[in-house]
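Please read its points beside the sequence and the model.

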Amino acid sequence: MIDVIIVGAGPAGLSAANVCAKNGLKVKVVDEFMKAGGRLLGQLHEEPDGTWWNGIEEAKKLSEDAQELNVAVECGVSVHNIKQEKSYWKVYTTKGDFKTRALLLATGAAETSLPIPGWTLPGVMSIGAAQVMTNVHRVRVGERGVVIGINILSAAITRELQLAGIEVSSMYLPGKNIVTEDAAKPLSTMKSMLKVASLAPSKLIRLGSYFMKYESLQSLAVRFYPKNGMKVWGMPVHLRKAVLEIVGDKKVEGVKVAQVDVNGEPILSTEKFVPADFVCIAGGLYPLVELAAISGCPFQYIAELGGHVPVHNENMKTPIDGLYVAGNITGIESAKVAMKQGAVAGYSISMDLLKTDVNIEDQLQQAINHVKQTRNQATIQFHPDIHSGREKIHASFKNTLRTDI
Amino acid sequence: MDSRNTEVLIIGGGVIGAAIAYYTAKSGMEVTVIDKGDIASGTSSRCDGNILAIDKEPGFDSQMSLESQKLVDQLSKELDLDFEYRAPGSILVCESEDEMIAAESWVERQKKAGLSFKMLDRNDIKQESPYFADDLLGGLECETDSTINPYLFTYSLFHGATKYGAKVMLRCEVEGMSRDSVTGLFKVNTPKGEIIAKKVVNAGGIWAPYIGNMLGLDIPIKPRKGHIIVASRDMPVGMRKVMEFGYLMSKFGKERTVDEETDKYGVALVFEPTESQNFLIGSSRQFVGFDTRVDMDVVNCIARRTIRFYPKIADFIIIRTYSGLRPWTPDHLPIVSPVEEIPNYYIAAGHEGDGISLAAITGKLMTELLQDQINTIIPTDPIRYSRFKNVSTIQT
Amino acid sequence: MSKGRIIDHPILGRLDEREEVHFTFDENKLIGYEGETIAAALLANGERVLRCHEETGKLRGIYCNIGHCMECRVNVGNQKSVRACLTVIQEGMEVKSGRKLPTPFKKGETQ
């Protein structure tokens, strides 16, 4: 029997593993990817103080600590089922089945897709796919591409592509359809960029900062948005143009772009072909929760957290015995917050399994405070109302317990 | 809080609510749809996608499906958004002489009811797919059966409905409902404000009894769980829907000669090639309340059953599995009906595993009922709510 | 080193020297590097097409690159439907793209 199995070797999973191991627990971490680090692996951005946040280095540090603490980190392993037995969890993986006293799900997030005609053509990929190719594999995704979807994630990754010498000719809105909804509306896109602008690293989102000046005049700003886009790092960002179709025979050859009105409706006869050899689709992130769903854990839809999240409390415990969650599975936030949440889960698990240790309780409280501090200082905030989202999910944990009795 | 008025309020954003919204809005009525979650977030996204007559009781049931098939064919032409509609027909396969005999009488009865059914022999089955087990004796075919993608279908219907002016409010749970005894108007409380409706359609699926209970109704619908495997298409196993004849037995709760576990989980082979080149493989039937956890024991049992019929696909990759809850009624027929004791209150729910098959006909019929039409597209007696009146306790 | 790779990077620095890995893709001999995925090695060699829609033949490549979308399925040796984005390339690996499947049946034709 293992003390703790952690699914996901990202910032949350590894941080939790290291805390558990420090407390003397036998820990195993599994991850589908061939390298530990999760979404840390692609991240690269400039902090407000001018230093660089290099996710690969951060992942390396966490992995090295894990190795020193004898945490078994196994990559290339998929978990296809989990099952609660009387006093333990059974975890079914592609490399065998394991029993564990505590189970932490730190599976992170996945990307929302924006289905646009032509999106299955080779050369179309999610923006996160391009990030991993570029920064982790160091493979060029193409020579000259376009990004569809304007949000904080696509802005940050587009900058990373540029750093690697890959040209992104423009960022556009997705063409409006029943699925793209808000992402296709100029005003709501601008509003969401505006909300994050004040928090973003100085150079990250010039676009948002530009519109800060127009806060009271947002719809006016959208109406008079320049036809050639606003330039960010020399690249035009188009809030009034949308990609209606991705074009190509055997692979991407370009996109069909049209001007859109303030509501995102395309204006006929403004269609233009823009050549590209790759296209990135950026629909934003949502918590990756399948394993929590098959565990029977209750869920709550909380827009501020990015979608459906498993109900949990500040200690990262779910209402299900022995089941914990940490990182983006609990809501979309930065890797720094995920690391702190992982530590909370680590202390929480240690306290539950070791029972008597009073010292751990203090450390747990401290770790919870660290999450809050990190959240308050976050330079990248995926949702401006993250605090209210957190309050809602913690409240629903209390309600769940009440209705269970 | 906001207050809004609507002529027709449809509760439920699944495929049934979608079809009713489309046809009512198209007929010129003012329609609002509310759902506690998202579009197709309940049973309509945890199912497979067929418009089948092959598995319907000959007579009223299969006629209702046939009408629905015709409507879906029309919808595939009139709706803007494609929903992966194909009409390749479907087949049932038999593994024993007894099943072959039962199949023959099934075909005869369907033909008498005017449907395009025919028997298949061992050779026909081999032609259908070389991947079938050698010992299968034959089966039967329904030529008109069609396949769709259930949530594209639901989205497409809502897209069409909104073009005719329907309003769709999501994450808008019914928190309470009352009926003003003087005006006869319904007052529905939601997190997005109060909705005043002249007419209410309860299309809540497995939650229909909960909604009905708010006005004191006892709607005999219970969740009946099912599992589906999504498998990768590594070989050209077949092009159309295949079911084992035993599926009918399982569906109607009749006795089968299968092993204990297969019987316990109500497992019977249902095999559906999708347009996106996966196979959806079912099925199971269990009464386990509202528990939607995937039970790997059931999944394994379905996989074993699949290999019994298709031994050569044992090494196919399973992409995912999911489970959902069918809204079951005691006589396996839906409730599509006004409620006599509450004027202007209607129910469209309880389609068990036939929600996709019968959505279109349900939408069309409900529109006629809402407009008090006397000549309806199909007879309404077998699916009236009042048929359960004298049943004091419902057995599951 | 091929032009498909990012050798120098202003922040991440120069790419480390790695061992070459020889593999084939639909019988073409290609070179990748140890520790990288099939998807990465193929893209670095300019191969974007990994499979096709088995019925219509429409071409497909990687989409999510994290094992979620299942679009990048390839056949490796005798193993079918392997996710190229999660599978590490090995010396001598025989990778085959997914092909259009025949639909040789008398009935049920959808065309």
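**Notes on the predicted model**

1. Apart from neighbours within four places in sequence, A:Val279 is in contact with A:Gly123, A:Val124, A:Gly145, A:Val146, A:Ile148, A:Ile246, A:Val252 and A:Val255; contact requires C-beta atoms, placed from the backbone, to lie within 7 Å. This is a predicted model, in which local features need pLDDT of at least 70 and side-chain atom pairs count only at pLDDT 80 or more, while totals for chains, interfaces and linings use all residues. Residues are numbered from 1 along each chain as its sequence is written, with chains lettered from A and ligands numbered from 1 in the order in which they are written.

2. A:Val279 also belongs to the largest nonpolar core, which has 268 residues. Together with A:Ala16, A:Leu104, A:Ile148 and B:Ala21, A:Val279 touches the most other members. Such a core is a set of buried Ala, Val, Leu, Ile, Met, Phe, Trp, Tyr and Cys residues joined through C-beta atoms within 7 Å; buried means that 20 or more other C-beta atoms lie within 10 Å of the residue's own, all placed from the backbone.

3. Chain C contains one helix and seven strands, in the order β-β-α-β-β-β-β-β from the N terminus. These are DSSP runs: H or I of at least four residues for helices, E of at least two for strands. Of the 111 residues in chain C, 40% are buried.

4. Where chains C and A meet, chain C contributes 28 residues and chain A 30 residues. On the chain C side, α1 (38-44) and β4 (59-60) each supply at least two residues, and α1(C) gives the most, with three residues.

Methods:
Contact = placed C-beta atoms within 7 Å. Buried ≥ 20, exposed ≤ 12 C-beta atoms within 10 Å, placed from the backbone.
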